[in-house]
Amino acid sequence: MGCASSKKAVSVTPAADSSGIPRKGSGSRAIPASSLRSRTGSELRGNGEEKEEEEEDKAGLKSASSLSARLGNLHNYIEGEQVAAGWPAWLSAVAGEAIQGWVPLKADSFEKLEKIGQGTYSSVFRARDLETGKTVALKKVRFDNFEPESVRFMAREIQILRRLDHPNVVKLEGLITSRLSCSLYLVFEYMEHDLAGLSSCPDINFTESQVKCYMHQLLSGLEHCHSRGIIHRDIKGANLLVNNQGILKMADFGLANFYRPGQKQPLTSRVVTLWYRPPELLLGSTDYEASVDLWSVGCVFAELFLKKPILQGRTEVEQLHKIFKLCGSPAEEYWKKSKLPHATIFKPHRPYDSCLYETFKTLPASAFDLLGTLLSVEPYKRGTASSALTSEYFSAKPYACEPASLPKYPP
Ligand code: ADP
Ligand code: MG
């Protein structure tokens with residue numbers, strides 16, 4: 001499943017990725033803690049001293065130091081409340097926003113079963129919620145010696161998951177930890193399969209309408225992420241989960257980030273598993289957009305037809321070479337305009353023509369058109385998740401099947 005280079009190339013704390021976590025809170029839904037409901041600044045201010053400060057504010061006399069002292073007090077107050085609610089201090093200190101409004105779930109209300117997944121910085125277990133009897137997936141997050149940066153990195157994943165709410169995006173149901181605990185588990189609904197496992201299984205051959213059904217679900221989930229200002233940055237079969245009802249959900253937001261169109265802060269180019277990484281990232285772009293995800297979706301789409309990853313480079317140079325050989329190299333104009341950091345080293349001596357058509361000539365025309373759009377070397381030609389959903393591929397016969405009609409695959 002997946003490729004070896006995977007996330008190992010990515011440092012847990014992407015230095016160049018300065019877009020960071022926005023200040024505003026997230027639209028949390030799960031486990032509301034009535035006692036902890038987010039309070040506004042005015043609710044927290046109660047005493048006369050602060051009233052006086054407010055007066056000064058109005059008169060324009062407020063100094064920067066009094067503001068930072070007040071913010072400091074506010075943080076201490078929130079941290080105190082979070083610790084009182086059962087959160088460990090190390091988590092509240094660094095990831096206060098991510099846990100705001102939630103209460104931790106207790107480890108002893110779950111029965112931990114077998115390990116079902118292993119990533120670079122996490123292990124995933126199947127478990128049973130003893131109260132409801134429901135099967136869940138527990139993602140145990142490892143920290144590098146509680147480095148605040150690695151806790152912050154995990155906090156971003158939680159914040160992003162809390163901001164998303166869509167049938168095709170995995171739902172974070174809660175967090176398990178306790179005041180004295182050194183670990184943190186993310187609790188998710190349990191999904192029986194992932195798309196990498198299914199598409200690499202020799203006994204499984206998807207029909208055209210089944211591929212369409214998966215693609216429709218993937219693009220719907222992605223449209224939601226992009227509409228909420230989130231780029232996933234690690235789309236691949238292993239991160240696309242499928243349950244026994246045929247529902248596909250995007251998972252693993254560990255590399256995801258917030259973005260705003262036209263944002264100035266640079267983003268790290270060291271994201272996305274190598275085989276699914278778009279050419280602009282291989283060329284070192286730091287001002288890329290949501291279209292990076294559409295490239296990865298194109299790779300997954302082709303993989304569903306060919307039953308194996310289509311671009312299996314061993315190094316970044318080889319990956320880029322394979323891309324140019326399959327999809328053609330970009331026009332001279334693109335090299336000139338894009339000012340990509342590694343363009344001078346990686347630009348091929350002679351231009352390559354696309355051989356996408358020869359490779360996928362057995363595909364129906366509308367499927368090939370969508371694939372060609374998603375696998376455009378120039379990012380702006382990839383369209384959007386929404387335009388893909390309205391493409392002819394989905395209105396042409398055979399239509400996408402219903403998720404419930406997909407076979408129940410054995411474990
Ligand atoms: P990492 O960031 O370490 O890659 P993931 O969130 O991708 O972590 O989880 C690793 C693997 O665990 C996935 O590829 C999948 O096989 C399995 N997994 C993750 N979440 C679930 C879930 N909700 N249900 C079932 N399996 C899951
Ligand atoms: Mg993963």
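Biologist: What makes the nitrogen atom of ligand 1 and the backbone of Glu189 a polar contact?
Modeller: In this predicted model, a nitrogen atom of ligand 1 lies 2.9 Å from a polar backbone atom of Glu189. The cut-off for such a pair is 3.5 Å. The pair falls within the cut-off, so it counts as a polar contact.

Biologist: How much of ligand 1 does the protein bury?
Modeller: Alone, ligand 1 exposes 540 Å². The protein buries 90% of that.

Biologist: Which elements give two or more residues to the shell around ligand 1?
Modeller: They are strands S1 (110-118), S2 (122-129), S3 (135-141) and S5 (184-189). There are 19 residues around the ligand, and Ser122, Lys139, Glu189, Ala238 and Asp252 come nearest. By type, the shell has nine nonpolar, five polar and five charged residues.

Biologist: Why are helices H7 and H9 called roughly antiparallel?
Modeller: Helix H7 (208-227) and helix H9 (291-306) pack at about 170°. Angles over 145 degrees count as roughly antiparallel, so these two helices qualify. Their axes are 11 Å apart.

Biologist: Which residues make that contact?
Modeller: H7 brings Val211, Tyr214, Met215, Leu218, Leu219, Leu222 and His226. H9 brings Asp293, Leu294, Val297, Val300, Phe301, Leu304 and Phe305. Twelve of the contact residues are nonpolar, one is polar and one is charged.

Biologist: What makes Arg233 stand out?
Modeller: Arg233 has a positive phi, about 65°, although it is not a glycine. Most residues other than glycine have a negative phi. Arg233 sits in the loop between strand S7 (230-231) and strand S8 (240-242).

Biologist: What kind of peptide bond joins Lys397 and Pro398?
Modeller: A cis bond, with omega about -5°. Most peptide bonds are trans. Pro398 is in the segment after helix H16 (392-395).

Note on methods:
Residues are numbered from 1 along each chain as its sequence is written. Chains are lettered from A and ligands numbered from 1 in the order in which they are written. This is a predicted model: local features need pLDDT of at least 70, side-chain atom pairs count only at pLDDT 80 or more; totals for chains, interfaces and linings use all residues. Side-chain values use heavy atoms; hydrogens and water are left out. Axes are lines fitted to C-alpha atoms, for helices over the stretch in contact, and angles run from 0 to 180 degrees between N-to-C directions. Helices (H or I, at least four residues) and strands (E, at least two) are DSSP runs, numbered from the N terminus. Angles under 35 degrees count as roughly parallel, over 145 as roughly antiparallel, 65 to 115 as roughly perpendicular and the rest as oblique. Contact means heavy atoms within 4.5 Å. Ala, Val, Leu, Ile, Met, Phe, Trp, Tyr, Cys and Pro count as nonpolar, Asp, Glu, Lys and Arg as charged, and the others, Gly among them, as polar. A residue is near a molecule or strand if one of its heavy atoms lies within 4 Å of it. A polar contact is a pair of N or O atoms within 3.5 Å; within protein, one must be able to donate a hydrogen and the other to accept it, and residues adjacent in sequence count only if both atoms are side-chain atoms. Accessible areas come from the Shrake-Rupley method with a 1.4 Å probe; for residues, only the protein chains shown count as cover.
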